[in-house]
Amino acid sequence: MTRRLSSALRGLVTALAALLATTAATAPAQAHTEPKAPEDFVALSSIDPTILQEMRYFTRHNFVGERIDGYRQPLCILTRPAAQALHKAQRQLLRQGYSLKVYDCYRPQRAVDHFVRWAEDLQDQSMKAEFYPDIDKTRLFADGYIAEKSGHSRGSTVDLTLVKLPARPTRPYHPGEPLTPCFAPKDERFPDNSVDMGTGYDCFDTLSHTLDPRIQGEQRANRLLLKSTLENLGFVNLAEEWWHYTFKPEAHPDTYFDFPVSRRSLTGHH
């Protein structure tokens, strides 16, 4: 009887130890499991590898001045219908001697949260001279430059521009280098191989409004070429930002996703 009892106890202890070991092994894995992209999200490069990509929030050359949370790789991810519409736009533009270049595509909610934290930190003005030289940082929420939700997180919104072919390489940004206002003449702004749109990307200024009457000549023609090409294929421009377009109807009009920008977020897709 005693031997049977001690044997049973040993078995119980062994089983309990195994259970604890399994729990210990799986707990961290569960804690670090990242959300995945839905099946209808794709890497833009898989739909059109000719569209140029300069993913600004993966770099430190943005209005925050550091890589933004959630950008694990310099990768444009979009819903498939939005990516396919960009492919159609690219085919049209290539025949005219231009290429699209994307600056930002799907944006995880954690990145938007990073923007909000930065906007609330009034001491951090390291990139003001380039991205918001004439805007008081206390006005960023009230004036609509920063918000707690972004259409980019729904997966069908893209920030983009035009590049005249053949595309020249753009030199990298060196943190700490002197900054020039984003609305300065093109040859004075930070170099970008895009056509002249009148301001740089992410310029917090009314000159970024797509149809601002002060933007004329070649700059206006460039904005209108991008606008007409994309609008004919189902995109809608945000009037306050010449670079911002949303493909309609949106596949996920009410969902704000938070999976990281990385190929791993797309693994398992067909």
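1. The model is predicted, so local features need pLDDT of at least 70 and side-chain atom pairs count only at pLDDT 80 or more, while totals for chains, interfaces and linings use all residues. Residues are numbered from 1 along each chain as its sequence is written, and side-chain values use heavy atoms, with hydrogens and water left out.

2. The protein has six helices and seven strands, where helices (H or I, at least four residues) and strands (E, at least two) are DSSP runs numbered from the N terminus. Read from the N terminus, the order of the elements is α-β-α-β-β-α-β-α-α-β-α-β-β.

3. Of the 270 residues in the protein, 47% are buried, a term that stands for under 20% relative accessible area, with exposed meaning over 50% and partly exposed lying in between (1.4 Å probe, protein chains only). The accessible surface of the protein is about 13700 Å², and carbon and sulfur atoms hold 56% of that surface; such areas come from the Shrake-Rupley method with a 1.4 Å probe, and for residues only the protein chains shown count as cover. Among contacts between residues at least 6 apart in sequence, 74% join residues at least 24 apart, contact meaning heavy atoms within 4.5 Å.

4. Helix 3 (residues 80-95) packs with helix 6 (residues 217-231) at an angle of about 130°, and their axes are 9 Å apart. That angle makes helix 3 oblique to helix 6. Here axes are lines fitted to C-alpha atoms, for helices over the stretch in contact, and angles run from 0 to 180 degrees between N-to-C directions; angles under 35 degrees count as roughly parallel, over 145 as roughly antiparallel, 65 to 115 as roughly perpendicular and the rest as oblique.

5. On the helix 3 side of this pair, Leu86, Ala89, Gln92 and Leu93 meet Leu225, Thr229 and Leu230 of helix 6. By class, this contact has five nonpolar, two polar and no charged residues, where Ala, Val, Leu, Ile, Met, Phe, Trp, Tyr, Cys and Pro count as nonpolar, Asp, Glu, Lys and Arg as charged, and the others, Gly among them, as polar.

6. The backbone has a cis peptide bond between Leu165 and Pro166, with omega about 0°, and Pro166 lies in the loop between strand 5 (157-164) and helix 6. That loop between strand 5 and helix 6 also holds Asp202, which has a positive phi of about 60° although it is not a glycine; Asp202 is buried, at 5% relative accessibility. A cis peptide bond also joins Lys248 and Pro249, with omega about -5°, and Pro249 is in the segment after strand 7 (244-247).

7. Phe115, in helix 4 (residues 109-120), is buried with a relative accessible area of 4%. Not counting residues up to four places away in sequence, Phe115 touches Tyr57, Phe63, Val64, Ile68, Arg107 and Ile146. Phe115 and Glu148 are 33 residues apart in sequence, and their C-alpha atoms are 8.4 Å apart in space.

8. Ile51 sits in the loop between helix 2 (44-47) and strand 2 (52-53) and counts as buried at 4% relative accessibility.
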